[in-house]
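Student: I would like to go through this model and ask what the terms rest on.
Tutor: Go ahead.

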Amino acid sequence: FGGSLARTEATGYGLLYFTNAMLKANDIDIAGKTIAVSGAGNVAIYAIEKAQQLGGKPVTCSDSTGWIYDPEGIDVELLKEIKEVRRERLTAYAEARPSAEYHEGKGVWTVKCDIELQLEDAKILVENGVLAVAEGANMPTTIEATEYLQENGILFAPGKASNAGGVATSALEMSQNSQRLSWTFEEVDSKLQAIMENIFANAAAAAEEYGMDKNYVAGANIAGFKKVVDAMNAQGIV
């Protein structure tokens with residue numbers, strides 16, 4: 001009958017909860033930071049919304065035909081109206097928002113910013129002085145681009161960890177079904193935040209334990225692998 005509250009928002013919100021935990025661990029405050037977001041679908045819309053709630057300033061979004069730069073910050077309610085209700089292109093956003101610029105084709109990564117969500121061109125990001133890159137999709141970053149970012153000291157949140165919010169909230173939905181309960185939006189959101197912060201903590205701890213401090217790609221791989229191995233050992237399979 002509709003599923004859990006907050007499931008629609010979960011992947012985008014979870015991405016920002018992970019990103020914020022990563023920034024905090026490196027003494028960076030997301031508040032006041034300029035953020036570039038690629039995409040204008042479910043994940044991007046709710047990543048923008050949560051970034052604003054955390055005090056960040058998302059200034060871009062994109063679809064298959066072009067991208068928006070809005071220096072005053074993306075109007076998330078207008079974006080929802082255009083993409084979720086009217087199902088129109090981002091040209092409609094620019095027409096309704098005087099502060100916005102619409103650009104055909106690719107180029108969202110050319111805007112100077114502090115934090116990036118998803119990746120197209122690692123070299124441009126580094127040249128623009130980006131602080132962090134967080135994947136909101138399933139491995140959208142090539143190995144070469146990931147390594148380039150890491151070599152240049154950019155904080156990198158790998159999708160297998162930072163993109164887990166949707167699946168995590170599906171598990172919360174299953175818990176509610178099993179208990180015949182329906183939690184409030186705030187309850188689900190709070191549990192999602194705790195899950196994403198715990199995922200980051202596990203990835204960070206694994207990276208440090210194996211001599212790869214702040215390499216959250218390695219940390220996520222190791223932490224995930226150990227969890228599976230521990231479960232297999234507990235069942236006597238290995």
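Student: Where is Gly153 found?
Tutor: Gly153 sits in the loop between α6 (143-151) and β8 (155-157). Helices (H or I, at least four residues) and strands (E, at least two) are DSSP runs, numbered from the N terminus. The model is predicted: local features need pLDDT of at least 70, side-chain atom pairs count only at pLDDT 80 or more, and totals for chains, interfaces and linings use all residues. Residues are numbered from 1 along each chain as its sequence is written, and side-chain values use heavy atoms, with hydrogens and water left out.

Student: Why is Gly153 called exposed?
Tutor: Its relative accessibility is 59%, so Gly153 counts as exposed. The cut-offs are under 20% relative accessible area for buried, over 50% for exposed, and partly exposed in between (1.4 Å probe, protein chains only).

Student: How many residues apart in sequence are Gly153 and Val130?
Tutor: They are 23 residues apart in sequence, and 9.8 Å apart in space, C-alpha to C-alpha.

Student: What makes up the protein chain in helices and strands?
Tutor: There are ten helices and eight strands.

Student: What percentage of the 238 residues is buried?
Tutor: Buried residues are 49% of the protein chain.
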